[in-house]
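I opened this structure to look up how its parts pack together. My entries follow in the order I made them.

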Amino acid sequence: MKYVYGPVPSRRLGQSLGVDTIPLKTCNWNCVYCQLGRTEPLINQRKDYYPPEEILVEVQAALESHAPGEIDWVTFVGSGEPTLHVSMGWLIRQVKSITHLPVAVITNGSLLYQPDLRQELTAADAILPTLDAGTADLYRTINRPHPDITFDRLVEGLIAFRTEYKGKLWVEVMLVQGLNDTPEALWEIAKILQQIRPDAIHINLPTRPAVETWVKPPSKENLMQAMAILGSTAEVVHPAEGSFDLSGYDNLIDAIIGIITRHPMRQRELERTLDRWTPGQVSQTLAELANDRRAQIIERYGVQFWSTVLSHYPDTAQSSRTTPKHQRLSNGTSDKEV
Ligand code: SF4
């Protein structure tokens with residue numbers, strides 16, 4: 001399958017059938033913690049990146065191939081920002097018409113300032129946008145957005161969406177050591193969250209390979225502090241353990257590429273996930289994919305992860321806390337060095 005994968009285990013969404021509506025790393029942000037490599041170039045155009053009818057056919061086939069109870073949520077989540085697909089509203093409504101399963105959208109929330117998109121998303125049962133910063137400076141430092149997506153627009157969109165949306169609004173906050181885990185930064189985020197009034201706040205930690213080599217999760221003390229400052233609806237969301245459904249893949253190469261394009265993984269995790277094949281077969285196929293320049297090893301936090309070579313991860317020498325040069329030029333913004 002090209003657009004649909006899983007179901008995959010998710011702490012928040014149980015067994016989640018993933019629907020990926022856009023090409024790899026089509027995004028209007030370039031987050032320092034992104035596990036899919038750098039966004040080059042930033043893209044902020046809404047259009048039909050793939051024919052929506054084709055996506056729907058795959059969703060229907062995946063739903064029909066699973067017994068009741070095997071899937072808990074249908075989740076639009078992509079190898080980039082899913083709301084850049086201009087038929088998102090149509091897709092959500094169509095999926096709702098063919099299944100009783102709830103539908104979620106994991107989005108950076110950057111386009112919620114647009115009334116049309118807010119209207120499209122009201123058909124979903126849960127929306128999970130991101131808010132990593134409470135000031136424009138920190139927002140530019142962490143999320144490195146397209147210049148049209150200002151901090152004021154982001155906040156304005158989230159607040160407006162809350163007033164119009166009756167479903168579950170779960171805001172995600174990714175904490176990065178030294179950036180947004182200080183008391184000052186956390187109080188600024190808390191102030192904005194009080195205006196948004198989400199149903200829950202999900203604190204995420206960078207555990208997959210962050211694009212920038214210097215990105216680290218907060219210390220235990222700072223994490224406790226974040227929980228206290230962000231309030232009683234805040235909870236830490238750790239990656240879920242469980243099995244990936246690989247029935248949509250006929251061969252090992254497609255299965256590996258399908259997984260590591262969206263979820264870079266350690267070799268042992270891959271061997272566990274791909275238990276239809278022996279560890280020896282997985283390891284040999286990974287070596288062949290690396291040899292053919294289709295897979296690469298990325299090292300972060302002293303751990304090696306397999307990823308597709310299509311994702312661009314800078315090495316330590318190229319990874320700096322300032323915005324990459326190519327982006328500064330195209331943005332015209334001057335991100336503050338932290
Ligand atoms: S983490 Fe999400 S929003 Fe940020 S750059 Fe990656 S795909 Fe885009």
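**Entry 1: α5 and α6**

I began with two helices. Helix α5 (residues 151-164) packs against helix α6 (residues 183-196) at an angle of about 35°, and their axes are 8 Å apart. Axes here are lines fitted to C-alpha atoms, for helices over the stretch in contact, and angles run from 0 to 180 degrees between N-to-C directions. Helices (H or I, at least four residues) and strands (E, at least two) are DSSP runs, numbered from the N terminus.

Next I listed the contact (heavy atoms within 4.5 Å). From α5 come Phe151, Val155, Leu158, Ile159 and Arg162, and from α6 come Ile192, Gln195 and Ile196. By class I noted six nonpolar, one polar and one charged. Ala, Val, Leu, Ile, Met, Phe, Trp, Tyr, Cys and Pro count as nonpolar, Asp, Glu, Lys and Arg as charged, and the others, Gly among them, as polar.

A note on the source: this is a predicted model, where local features need pLDDT of at least 70, side-chain atom pairs count only at pLDDT 80 or more, and totals for chains, interfaces and linings use all residues. Residues are numbered from 1 along each chain as its sequence is written, and side-chain values use heavy atoms, with hydrogens and water left out.

I stayed in α5 for Ala160. Ala160 counts as buried because its relative accessibility is 19%. Buried means under 20% relative accessible area, exposed over 50%, and partly exposed in between (1.4 Å probe, protein chains only). Ala160 and Leu112 are 48 residues apart in sequence, and their C-alpha atoms are 8.0 Å apart in space.

**Entry 2: α1 and α2**

I then turned to helix α1 (residues 52-64) and helix α2 (residues 88-98). Their axes come within 10 Å and cross at roughly 30°. That makes α1 roughly parallel to α2; angles under 35 degrees count as roughly parallel, over 145 as roughly antiparallel, 65 to 115 as roughly perpendicular and the rest as oblique.

Which residues make the contact? On α1 I found Pro52, Glu53, Ile55, Leu56, Val59, Gln60 and Leu63, and on α2 Trp90, Leu91, Gln94, Val95 and Ile98. The classes are nine nonpolar, two polar and one charged.

I also checked what α1 lies across. The answer is β1, β2 (14-19) and β3, with α1 at about 150° to β2.

**Entry 3: the sheet**

I traced an open sheet of eight strands in the order β1-β2-β3-β4-β5-β6-β7-β8, with mixed pairing. Two strands pair if DSSP finds at least two bridges between them. β1 (4-10) and β8 (234-236) stand at the edges with a single partner strand each, so one side of each has no neighbour in the sheet. From one strand to the next, the twist averages 25°.

Strand β3 (residues 73-76) runs parallel to β4, and three bridges join them. Thr75 stands opposite Ala104 in β4. Is strand β4 (residues 103-106) covered on one face or both? Both: Val103 and Val105 on one side, and Ala104 and Ile106 on the other, are all buried.

Strand β7 (residues 200-204) also pairs with β8 in the parallel sense, over three bridges. There, Ile201 stands opposite Ala234.

**Entry 4: backbone details**

I looked up cis peptide bonds. One joins Gly6 and Pro7, with omega about 15°, and Pro7 lies in strand β1. Another runs from Glu40 to Pro41, with omega near 0°.

Lys25 has phi near 60° and lies in the loop between β2 and α1. Arg197 has phi near 55° and lies in the loop between α6 and β7. Lys25 counts as buried at 9% relative accessibility, whereas Arg197 counts as exposed at 52%.
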